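Here is a short report on one protein chain. Look at the sequence and the structure first, then read on.

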Amino acid sequence: MMITTTTTLTESAEPSAPPPTPTPMQGPARRRRLGHPGEPYAFIAPTAVLMLVLMIVPIVLVIGYSFMDNVITKKNPEFVGIENFVEVLTDGVFATALGNTLFFTIVSVVAHLLLGLGFSMLLNSPLVSRASRAVFRVIYILPWLFTAAVIAVLWRMLLNPNGVVNYLLSSDVEWLSSPSLALGAVTFINIWAGYPFFMISLLAGLQGIPADLYEAATVDGANGWQRFRNVTLPQLRPIIISMTLLDLIWTSQQFALIWMTTGGGPIHVTEMLSTFTYKLAFSRYEFALASTSAVIILLLSMVLAFFYVRHQRARD
């Protein structure tokens, strides 16, 4: 009886054999598992075709039109080289539009950054109660929820000589019709409409900063301004640079807001590169010059896009 028990225990203690190693798939089975080599390209083909039709082809056509005599309105347009570029660049209205676009873009982007940073820090501050922060978030995000058409109609009513703003100021100023005030007025409207873009992005960045950094700075004796300068700003720098470059591109191409508030007037005071190009095409029917202006805008935008892509690669 003892011999049988010992034998049983010895047999149960022996290690079990390792599971068989699966043999690698070969031939048709492996091909079925991995799929056809061209399968990834089939997935991106619809998007690639859509981009080709809606983006690449129109861009190539516009570039071609910019080197031709007035296209579309002439049956057999002629190649004129860079004459269209010379004519557009020496046009006084183009110079005015370029200056207005620079002012409109730079002031808007700087204001977007300052307001967005200020409001984001307010919403991230522990000194503000949770209920108050929820109310402020709803109020501050409202401008971003409106379309350009709604914003234009709203502010045209507010800035009307008989509107709310003049009623509160007890005046009858024509904000959007005055040559001295129109550019500042549309810039203010764009600032009001665009700062939530910065606010939301910077608020997300603020909430991602580790609290340990602020605690360490406090232990080292840093005051509030020093913590902001040495902790907050360095942590937000990548977001600030990315948002600024994107906002420069978008604001420089603003069209709907300008067109539906002032139409580029009065007397070209609010003329932008976008409205100048639109008028060349659909008011003067000079489609070759409009194409030339569009190409110039494309080149300027590509410069900003280059710096944006370069920054993103350096960040990665």
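## Surface and burial

Accessible areas come from the Shrake-Rupley method with a 1.4 Å probe. The model here is predicted. By that method, the chain exposes about 20,000 Å². Carbon and sulfur atoms supply 68% of this area.

How many residues does the chain have, and what share of them count as buried? The chain has 316 residues, and 33% of them count as buried.

## Overall fold

The chain holds 14 helices and 0 strands. Read along the sequence, the pattern is α-α-α-α-α-α-α-α-α-α-α-α-α-α.

## Two crossing helices

Helix α5 covers residues 92–124, and helix α9 covers residues 182–207. Their axes come within 6 Å. They cross at roughly 40 degrees.

The crossing of α5 past α9 is right-handed. What classes of residue make up the contact of α5 with α9? There are 19 nonpolar residues, 10 polar residues and no charged residues.

## A buried loop residue

Thr262 sits in the loop between α12 (256–261) and α13 (273–282). Is Thr262 buried or exposed? Buried means under 20% relative accessible area. Thr262 has a relative accessible area of 16%, so Thr262 is buried.

Which residues does Thr262 touch, leaving aside its neighbours within four places in sequence? Thr262 is in contact with Leu176, Val186 and Thr270.

Note on methods. Residues are numbered from 1 along each chain as its sequence is written. This is a predicted model: local features need pLDDT of at least 70, side-chain atom pairs count only at pLDDT 80 or more; totals for chains, interfaces and linings use all residues. Side-chain values use heavy atoms; hydrogens and water are left out. Helices (H or I, at least four residues) and strands (E, at least two) are DSSP runs, numbered from the N terminus. Buried means under 20% relative accessible area, exposed over 50%, partly exposed in between (1.4 Å probe, protein chains only). Axes are lines fitted to C-alpha atoms, for helices over the stretch in contact, and angles run from 0 to 180 degrees between N-to-C directions. A crossing is left-handed if the near helix is turned anticlockwise from the far one by less than a right angle, and right-handed if clockwise. Ala, Val, Leu, Ile, Met, Phe, Trp, Tyr, Cys and Pro count as nonpolar, Asp, Glu, Lys and Arg as charged, and the others, Gly among them, as polar. Contact means heavy atoms within 4.5 Å.
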